[in-house]
Amino acid sequence: MEMVIRGGKIFDAVHREPYSADIWVKDGKIAQIGGDFAASAGAEVVDASGLNVYPGMVEAHGHIGLDGWAIGYEGQDYNEYNDPVTPQLRAIDGINPFDYSLRDAALGGVTTICTGPGSSNVIGGTFAAIKTVGTCVDDMCVKPEAAMKVAFGENPKRCYKDKGISSRMSTAAKLREMLFKAREYVAKVDAANGDPAKMPAFDLRLHALAPVIRREIPLKAHAHQANDILTAVRIAKEFDVKLTLEHVTEGALIVDELVRANVPLAIGPTFGQPSKYELQHKSWKTPGILSKAGCHVSIITDSPVTEQAHLRFCAAMAVDSGMDPFEAFKAITIHPAEHIGIAGRVGSIEVGKDADFALMDGDLFSLSTHVVAAYIGGVRVKDTKQN
């Protein structure tokens with residue numbers, strides 16, 4: 001399959017200034033950017049004259065596919081309420097590809113998301129990075145296990161107040177306990193060197209945490225309050241594991257500490273008024289403040305808290321509150337791709353990457369701009385909603 005997108009203005013998320021060029025797509029990948037192509041005579045030609053061509057947007061943190069369109073309580077699959085510590089759970093075993101919120105996201109130009117368990121549990125399980133169109137999650141996956149979700153703050157306390165968690169100290173202690181056990185388990189597995197007689201008794205929860213201990217995937221830490229954010233940083237340092245911080249509502253209160261921590265930040269959701277105490281400092285200024293300080297910033301909807309297709313409008317609000325427009329653009333494209341470890345495939349318009357695009361009839365951040373067409377792997381997204 002070949003396609004040529006002709007005559008569009010390209011915003012590639014690499015260069016600050018846009019440029020005019022044609023894009024040659026072959027077998028779902030960007031084969032060449034320029035104008036002198038060796039495309040076959042039968043290649044599909046997309047006339048993008050007068051349109052802006054953006055990379056498909058990327059969401060670093062949400063829950064759609066597990067909780068989304070017209071689901072309600074009876075259909076939600078994003079929180080396991082029987083146990084506060086469930087690292088063995090995997091988002092890919094619960095995602096519903098037919099959840100219309102995924103197709104709605106794609107039609108809005110959001111072509112890749114990282115979705116997974118909610119924040120009720122101290123350890124919730126693994127997130128998956130997936131494309132937003134498909135019928136089988138295995139085929140949609142960019143990274144089946146992108147991160148291990150952990151949560152701090154009010155949610156574990158509220159959800160498990162009758163099951164051993166009534167303070168932030170309890171949450172931290174339960175996470176430490178599991179990381180200590182996982183580190184010991186991994187050490188025994190490594191020492192056994194494949195000898196079954198020396199292997200420790202199999203433990204699915206500890207086995208699931210092994211990629212964290214081996215620094216193959218990060219802890220993905222839900223944290224709003226400054227003290228929770230810094231507890232996540234402290235524990236990650238103690239165990240020498242990778243970390244990404246999610247929500248970071250009070251990040252503007254601890255800018256210097258976050259600069260020193262040097263970990264990726266996913267900021268949001270910010271639409272709506274604060275619904276609980278730990279959101280009291282929620283502000284559209286936060287992404288710009290942290291970005292200006294040199295932090296690695298992504299902007300998130302936490303979909304379905306905010307509708308996934310509105311990701312670009314979240315970035316627009318950050319721009320309106322002082323964030324540099326190019327940094328805000330990167331915060332919904334290449335930065336989230338880096339945040340979830342898939343920047344080699346998505347997040348920018350570069351040769352060799354997936355042919356994921358959003359063609360728009362105006363500026364990315366404008367309410368009056370429409371997504372004229374979205375493409376995933378060089379295939380145009382179609383609206384399949386039945387009503």
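**Sheets, voids and backbone**

Mentor: Histidine 247 stands opposite isoleucine 267 in S14. The chain crosses from S13 through helix H8 (residues 255-261) to S14, and this β-α-β crossover is right-handed. Right-handed means that, with the strands pointing away from the viewer, the path from the first strand over the helix to the second runs clockwise.

Trainee: Before we go on, what kind of model is this, and how are residues numbered?

Mentor: This is a predicted model, with residues numbered from 1 along each chain as its sequence is written; local features need pLDDT of at least 70, side-chain atom pairs count only at pLDDT 80 or more, and totals for chains, interfaces and linings use all residues. Side-chain values use heavy atoms, leaving out hydrogens and water.

Trainee: And the strand and helix labels?

Mentor: They are DSSP runs numbered from the N terminus: helices are H or I with at least four residues, strands are E with at least two. Two strands pair if DSSP finds at least two bridges between them.

Trainee: How do S13 and strand S14 pair?

Mentor: In the parallel sense, over 3 bridges; S14 covers residues 265-267. Strand S12 (residues 219-223) also pairs with S13 in the parallel sense, over 5 bridges. There, alanine 223 stands opposite histidine 247. The chain goes from S12 through helix H7 (residues 226-239) to S13, again as a right-handed β-α-β crossover.

Trainee: Why is strand S13 described as largely enclosed?

Mentor: 5 of the 5 residues of strand S13 (residues 243-247) are buried, so the rest of the structure largely encloses it. Buried means under 20% relative accessible area, exposed over 50%, partly exposed in between, with a 1.4 Å probe and protein chains only.

Trainee: What's the strand order in the sheet of 8 strands?

Mentor: S8-S9-S10-S11-S12-S13-S14-S15, an open sheet with mixed pairing. The edges are strand S8 (57-62) and strand S15 (297-299), each pairing on one side only. Neighbouring strands are turned by 25 degrees against each other on average, direction ignored. For such angles, axes are lines fitted to C-alpha atoms, for helices over the stretch in contact, and angles run from 0 to 180 degrees between N-to-C directions.

Trainee: Where's an antiparallel pair in there?

Mentor: Strand S10 (residues 123-131) and strand S11 (residues 141-151) run antiparallel, joined by 6 bridges. Isoleucine 123 has valine 150 in S11 as its bridge partner.

Trainee: What about the sheet of 4 strands?

Mentor: That one is open too, in the order S5-S4-S1-S6, with mixed pairing. Strand S5 (29-34) and strand S6 (44-47) are its edges. Strand S4 (residues 22-26) runs antiparallel to S5, with 5 bridges. Aspartate 22 has glycine 34 in S5 as its bridge partner.

Trainee: Switching to voids. How many cavities of 30 Å³ or more?

Mentor: The structure holds 2. On a 1 Å grid over the protein atoms alone, a cavity is a set of points where a 1.4 Å probe fits but cannot get out; a pocket is an open set with protein on both sides within 12 Å along at least five of seven lines; lining residues have an atom within 4 Å of a point. The largest cavity has a volume of about 50 Å³. Its lining includes His247, Ile267, Gly268 and Pro269.

Trainee: Now the backbone. Which peptide bond at proline 269 is cis?

Mentor: The one joining glycine 268 and proline 269, with omega about 0 degrees. Proline 269 sits in the loop between S14 and helix H9 (285-292). The bond from serine 303 to proline 304 is also cis, with omega near 15 degrees.

Trainee: Why flag those?

Mentor: Most peptide bonds are trans, and most residues other than glycine have a negative phi.

Trainee: What's phi at asparagine 262?

Mentor: Near 55 degrees, a positive value. Asparagine 262 lies in the loop between H8 and S14. At 66% relative accessibility, asparagine 262 counts as exposed. Aspartate 240 has a positive phi too, about 50 degrees. Aspartate 240 is in the loop between H7 and S13.

Definitions and conventions: Points joined across faces, edges and corners; volume = space filled by probe spheres on them.
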